[in-house]
Amino acid sequence: MTDTKNLLLNDLRNELQLTILDELTKLRLERYLDEGKYALRDRIGIELDYTRSENKAILINYCVYAYYHMLDEFFERYKGDVAAIKKREALKFYGDKLKQEKDENQII
């Protein structure tokens, strides 16, 4: 398991206040983390960097809602946050693309 995945798993375990993590619960939480990454990627359109605190926070919140079988409520409650992340990532992508094109077209 990667360091990032271990950190996310520990953060999720702490958020859920699970003091004991048996193997079945660990597998369940890992599944929620993977499903959350896919669900957020599908809604946002790109793979997110979960070392960034705002991205990690929304993934952890997704997993908490999944743990309590409340994913419909998650997407209703966090639709504004998902939209904000999508906008931020789109602006970053197009800003980087514009900078790259400018650098390539610059006469030396």
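The model is a predicted one, which I note here for everything below. Tyrosine 68 comes out as partly exposed, at 46% relative accessible area. I then checked the two rings against each other. Tyrosine 67 and tyrosine 68 make an edge-to-face aromatic pair, with centres 5.0 Å apart and planes at 85 degrees. Over the ring of tyrosine 67 I found the charged end of arginine 28, 4.4 Å from the ring centre.

Next, the aromatic pairs. I describe each pair by the distance of the ring centres and the angle of the planes. The structure has 8 of them. I looked at tyrosine 62 with phenylalanine 75, which is edge-to-face at 5.9 Å centre to centre and 65 degrees between planes. This pair joins distant parts of the chain, since tyrosine 62 belongs to helix H3 (residues 53–67) and phenylalanine 75 to helix H4 (residues 71–77), 13 residues apart. I checked burial for both partners. Tyrosine 62 has a relative accessible area of 4% and is buried. Phenylalanine 75 has 18%; the cut-off is under 20%, so phenylalanine 75 also counts as buried. Both rings belong to one aromatic cluster, made of Tyr62, Tyr65, Phe74, Phe75 and Tyr78. Arginine 43 lies over the face of phenylalanine 75, 3.6 Å from the ring centre.

Then the nonpolar core. Which residues touch the most other members of the largest core? I get Leu12, Leu29 and Leu33, out of 27 residues. Helix H1 (3–15), helix H2 (23–44), H3, H4 and helix H5 (79–105) each give at least two residues to this core. H3 supplies the largest share, 9 residues. Leaving out residues up to four places away in sequence, leucine 29 touches Leu9, Leu12, Leu16, Leu18, Leu21 and Tyr67.

I turned to H2 and checked its length. With 22 residues at 1.5 Å a residue, H2 should span 32 Å; the end C-alpha atoms are 31 Å apart, which agrees. The buried residues of H2 include Thr25, Leu29, Glu30, Tyr32, Leu33 and Gly36. Their cover includes H1, H3, H4 and H5. At the N-terminal end of H2 I found a cap: a side-chain oxygen of aspartate 22 lies 3.0 Å from the backbone nitrogen of leucine 24. After H2 comes glycine 45, with a positive phi near 100 degrees.

H3 has 15 residues and runs 21 Å from first C-alpha to last, close to the expected 21 Å. I list its buried residues as Asn55, Ile58, Leu59, Ile60, Tyr62, Cys63, Val64, Tyr65, Ala66 and Tyr67. H1, H2, H4 and H5 are included in what covers them. Histidine 69 follows H3 and has a positive phi, near 55 degrees.

Is glutamate 89 buried or exposed? I find glutamate 89 in H5, buried with a relative accessible area of 11%. What does glutamate 89 contact, leaving aside neighbours within four places in sequence? I get Ile46, Leu48, Arg52 and Asn55. Asn55 is also on the list of buried residues of H3.

How values were computed. Residues are numbered from 1 along each chain as its sequence is written. This is a predicted model: local features need pLDDT of at least 70, side-chain atom pairs count only at pLDDT 80 or more; totals for chains, interfaces and linings use all residues. Side-chain values use heavy atoms; hydrogens and water are left out. Rings of Phe, Tyr and Trp (its six-membered ring) pair if their centres lie within 6.5 Å; planes under 30 degrees apart count as stacked, over 60 as edge-to-face and the rest as tilted. Helices (H or I, at least four residues) and strands (E, at least two) are DSSP runs, numbered from the N terminus. Buried means under 20% relative accessible area, exposed over 50%, partly exposed in between (1.4 Å probe, protein chains only). A charge sits over a ring if NZ of Lys or CZ of Arg is within 6 Å of the ring centre and within 35 degrees of the ring normal. A nonpolar core is a set of buried Ala, Val, Leu, Ile, Met, Phe, Trp, Tyr and Cys residues joined through side-chain atoms within 4.5 Å. Contact means heavy atoms within 4.5 Å. The expected span of a helix is 1.5 Å times one less than its number of residues. A polar contact is a pair of N or O atoms within 3.5 Å; within protein, one must be able to donate a hydrogen and the other to accept it, and residues adjacent in sequence count only if both atoms are side-chain atoms.
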